[in-house]
Amino acid sequence: MQEQAVSSPTGESIATYNTKASFKSHELKSTTRGGSEVESLAIQIEKRRAERIPVTMKVRKRFLKTFLTCCKKNNYPPGKVPPSEVRDFRDQVQEEITARGEGVGFFKKQAMLLGFRDDKSTLLRVLERALEVIAERDIKDNEYFFFQDFNFYFTVRESRWPWRRSALASSLLVILTFYIFSAVLWCSILEHDGICDSNGDTFSGAASAIYFASTTMSTVGYGDLSVFGGSEAPSKWLMFLGIVYMVAAMLVASTALNVGVEAAANTNWVTRTQDYVFNMLVGEYSQGMLLYRYIRRIKLVKVGYIITQFFALNLFGIFVSRAFDNSPGETPWNWMTSFYWSVQTTTTIGYGDIDIPFGLRYFQIFYLVIATYFVGNALGRAGNIKEEILDVRRQHAWRRREISKGMIQEMQAPGLHSENCQVDQYEFVVASLVTLGKVTADDITPIMDKFRKLAGKKGYIELEDEMAEREQVENEVATQSERFNAEQIGNSGELEHNEYEDLGFE
């Protein structure tokens, strides 16, 4: 007897029917820009990230510790609590704020005006947002709220100190602190005449120490001021202190200095201006334009930008150095000497083969760190031109693609719906990201490992799986409890029977 082929409601094979049904669920529902399912998902995630609530570490610790204590006390699964616990915690914080009333002290109010946060008000805001999420996701009272996931995806940590919330302000504060520390260390504590070099003015010694800090952070190192430059030979402990100072200067330069200057250079108006000038000079690629000409134009604009930035900073240094070239008793510089000095400064070479006017140290305190960063950034961009051109080639090849068998075969997931020669929006996005070099297979593999773990044998993630697993655990607990109660009742009945037998009622 031959087996009868199983068919779908449309008369097709089950495999073909399921493939078409799966593809139909991924069809583009809207042709409006930003209205597709993939775009909507990306916008939703980015919106959630942008709307995260800033919290201090103190607020975050209380939020997590309170719910972790609830988990241990009530035997909840790790990282999960019922919505009732969130409401109770919210009510508790609300009562604390109500009990405080207008009892906020004068200094507390002034601190809040300066930008300090009220921890209890912030915590209340976080808990109110948690209850909104619970309502949006329709989490029932017999279900769990994942508070650790909420903490990561809906809050963002910020410093309790207002001036540390801005990368630029925090960096400037660290650099200023290092400058003051340098002046105090070399001039007040050690009184090192090789670094705290004075020309008789009140603040010239401190200015020399700060200038020494700038030459150390920028790695220029002219050699005009050094630990070995004092009137006496340095001791071993002083050399060791110099080593520690150099390491500290490098830490400040690699963290605070780079972050601060980069934050200042990447402000919105600076970025918009750079993009506007670049787009104006390069223009947009048109379909009939030869690619090599477009790439040549990009190269010329980028190289021109690097050269302009390099020479602008050097010309600024040249003109300012000419203003300090009138000090009595010092050899005057000509224009070429100023140019020679500015180039060895901005490139951080710092031969130290020319005598620098003492008054120029005041200018170099700022010029050294700023010029060396921007020139180093420009030279780094020169090294990235090749990668940027490769990205332009990828973009060009991707934009000019049209529907063809080759495109379908390259973008289609193997074995998904190869019979239909179709590509859905999810396949198109993943294939395009890989083609454009935005992600690689190594980036996707751990993501799919996580998916496989959550999906199990079903091949897709479903909320009912987690619900069923929890119900199974609860049923097992209830069964064990009933069995225990039944055993207790049986033991009690057996005892009563023995008592009656002993009394002669049997």
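The model is predicted. Six residues, from Val303 to Trp335, are treated under the patch heading, where Val303, Ile307, Phe311, Leu315, Phe319 and Trp335 together form a nonpolar area on the surface. A search of the whole structure finds one cavity of 30 Å³ or more.

**Surface patch**

- The accessible area of Val303, Ile307, Phe311, Leu315, Phe319 and Trp335 together is about 590 Å².
- Helix H12, residues 291–323, gives the patch its largest share, five residues.
- Leu315 is a patch member and lies in helix H12.
- The relative accessible area of Leu315 is 43%. Leu315 therefore counts as partly exposed, because that class runs between the 20% limit for buried and the 50% limit for exposed.

**Cavity: volume and lining**

- The largest cavity has a volume of about 30 Å³.
- Its lining is made up of Val55, Val59, Arg60, Phe63, Leu123, Val126, Asn151 and Thr155.
- By type, the lining holds five nonpolar residues, two polar and one charged.
- Arg60 is the charged one, since Arg counts as charged.

**Cavity: helices involved**

- Two helices, H3 (57–74) and H6 (119–136), each supply at least two lining residues.
- Helix H3 provides the largest share of the lining, three residues.

Terms used. Residues numbered from 1 in each chain as written. Predicted model: local features only at pLDDT ≥ 70, side-chain atom pairs only at ≥ 80, totals over all residues. Heavy atoms only, no water. Patch = residues over 30% accessible without salt bridge, like charges linked within 9 Å, V, L, I, M, F, W, Y side chains within 5 Å. Areas by Shrake-Rupley, 256 points an atom, 1.4 Å probe, with all protein chains shown as cover. Salt bridge = Lys/Arg side-chain N within 4 Å of Asp/Glu carboxyl O. Helix = DSSP H or I, 4+ residues; strand = E, 2+ residues; numbered from the N terminus. Buried < 20%, exposed > 50% of the residue type's maximum accessible area, 1.4 Å probe, protein only. 1 Å grid on protein atoms, 1.4 Å probe; cavity = no way out; pocket = protein on both sides within 12 Å on 5 of 7 lines; lining within 4 Å. Points joined across faces, edges and corners; volume = space filled by probe spheres on them.
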